[in-house]
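Please keep the sequence and the model in view while reading.

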Amino acid sequence: MKIKSVRGTHDLLPESIGLWQQIESTARGVFRLYGYEELRTPIFEKTELFARSIGAESDIVQKEMYTFNDSKGNPISLRPEGTAPVVRAYLEHGLHHDKSVQKLYYIGPMFRHERPQKGRYRQFHQVGVEVLGSDHPALEAEVIEMLVRFLRDLGASEIQLLVNSVGCPNCRPGYVKILKEELDKLQDGLCAECQRRSTTNPLRVLDCKVPACQPLIDGLPSILDHLCEECRQHFEQFQAYLELQNIPFEVVSRLVRGLDYYVGTTFEMISSKLGPTQNAVVGGGRYDGLPELLGGPPTPGFGFALGIERLVVLLEENETGLRPGPDIFLAYLDESVLQETLGLARELRDQGISAYVDFEGRSLKAQMRLANKLHSLFTCIIGDDEVKSGQFPIKRMEDGHQITQAREAIASYVKEDGVITS
Ligand code: AMP
């Protein structure tokens, strides 16, 4: 029997990799404009890192982590998210001594043992950004502006920004107490999960998507009516900075993060194009308590994670103009001109042109068929006469237009007349 990939994981085949590469290079380009640098952390970490940061009682740590013991019996987990590893690396390498504010980003796979469904996988990929060392609301708005620019440059549309504040250790406990009292009164009408969360983590009830719970949850008190003066001012300033950047948003008081280390601003980006449930493309917020929780000095932090698979779904509908094929296919008459053909291929590649040479001994006709199949932009036919004269027939595959070019002029002709992908 053939061995297949593990459920919830996917191969990215060459035919669809173009979009992924475009997303990654756009991220790198846009993040650079704002002074962000890439950080790559290992894909596995000590389990304790996630247990301590995400919380031993959280769904992720309880049910969704791929955990195993190494040969010495130490528990190791595949990373389910990127923030804790980034903060761990930040502290481990003393990056806080290096610069007072660190602007970091990562791109890579994450692993969660969830029930696979559309938009939810066991290995998925995130582009994430973390800023450590600043608690300014203008910086939060700048991170969102950067994200909006990134999505706009990629041509993603119909994405909504939702924002909220989850308060701080001064004001949140008071709100959670009131919330709990209200939830106690509603118990019978709530789903089993909400009933359980009412005692373990009442804030997470606000996340529930079960239709029957919605009217009850909508009637619950809003955290925004219970923020302390500091949190209220911070949230107002954040919104003012977003307005200054002309970024539309909606305040949704139900948008919470169930973990204690989250404070103040939280946000999400959703798209109705993704359907009613797994519709979040980006989740982010402020996590000032996390570095301290991981043994570091008190350090403010703010960031987001964007799911690449979900972004790909949004972009697949657009015509991206990506062309995966080679720029030019070098079709040669027989082996006697192969050396010359390889020399020409090298010259073209030196000039940034992708040149394809076939080694299967196909006839000229079969080589032309292959060039078509590969979506090559041009073909060049190489025989004895061409090698002697130094003049080569170049055919534009799209419309069959053919001209003869001198060897040295082929590269510039292809560059000018075709869309070069590099
Ligand atoms: P989170 O780390 O849970 O806040 O998720 C941040 C983003 O990652 C979400 O908005 C999704 O776009 C994406 N994401 C999270 N979990 C998965 C998953 N299991 N499969 C695919 N994408 C995911």
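L162 counts as buried because its relative accessibility is 9%, where buried means under 20% relative accessible area, exposed means over 50% and partly exposed lies in between, with a 1.4 Å probe and protein chains only. The residue lies in strand 7; helices (H or I, at least four residues) and strands (E, at least two) are DSSP runs numbered from the N terminus. When neighbours within four places in sequence are left aside, L162 is in contact with E250, V252, L255, T266, F267, E268 and I270, a contact being heavy atoms within 4.5 Å. Between L162 and S100, which are 62 residues apart along the chain, the C-alpha atoms are separated by 29 Å.

## Basis of the model

The model is predicted, so that local features need pLDDT of at least 70 and side-chain atom pairs count only at pLDDT 80 or more, while totals for chains, interfaces and linings use all residues. Residues are numbered from 1 along each chain as its sequence is written, and side-chain values use heavy atoms, with hydrogens and water left out.

## The chain as a whole

The chain holds 16 helices and 16 strands, and its C-alpha atoms fill a box of roughly 90 × 55 × 45 Å along the principal axes. Of the 422 residues in the chain, 49% are buried. Among contacts with a separation of 6 or more, 70% are accounted for by residues 24 or more positions apart.

The accessible surface of the chain comes to about 21600 Å², and 50% of this belongs to carbon and sulfur atoms; these areas come from the Shrake-Rupley method with a 1.4 Å probe, and for residues only the protein chains shown count as cover. There are 47 positive and 59 negative side chains, and the centres of the two sets lie 5 Å apart. In that count Lys and Arg are positive and Asp and Glu negative, with His and the chain ends not counted, and each charge is placed at NZ of Lys, CZ of Arg, CG of Asp or CD of Glu.

## Two domains

The domain assignment gives domain 1 as 14-156 + 249-317 and domain 2 as 328-417, with bounds that come from an automatic or database domain assignment. Taken over C-alpha atoms, the centres of domain 1 and domain 2 are separated by 46 Å.

## Two buried glutamates

E140 lies in helix 6, which covers residues 137-154, and it counts as buried because its relative accessibility is 0%. Its side chain is joined to that of T265 by a polar contact of 2.6 Å. A polar contact is a pair of N or O atoms within 3.5 Å; within protein, one must be able to donate a hydrogen and the other to accept it, and residues adjacent in sequence count only if both atoms are side-chain atoms. Apart from neighbours within four places in sequence, E140 is in contact with H234, F238, T265, R286 and F302.

E114 sits in the loop between strand 5 (102-111) and strand 6 (123-132), and at 13% relative accessibility this glutamate counts as buried. The side chain of E114 makes a polar contact of 3.4 Å with the side chain of R120. Not counting residues up to four places away in sequence, E114 touches E64, R120, Y121 and R122.

## Loops and the leading segment

S272 is placed in the loop between strand 9 (265-270) and strand 10 (280-286), and it counts as exposed because its relative accessible area is 60%. The C-alpha atoms of S272 and R120, which are 152 residues apart along the chain, are separated by 16 Å. V6 is found in the segment before helix 1 (14-33) and is exposed, with a relative accessible area of 55%. Its C-alpha atom and that of V205, 199 residues away along the chain, are separated by 32 Å.

E158 lies in the loop between helix 6 and strand 7 (160-165) and is exposed, with a relative accessible area of 54%. H375 is in the loop between helix 14 (364-373) and strand 14 (378-382).
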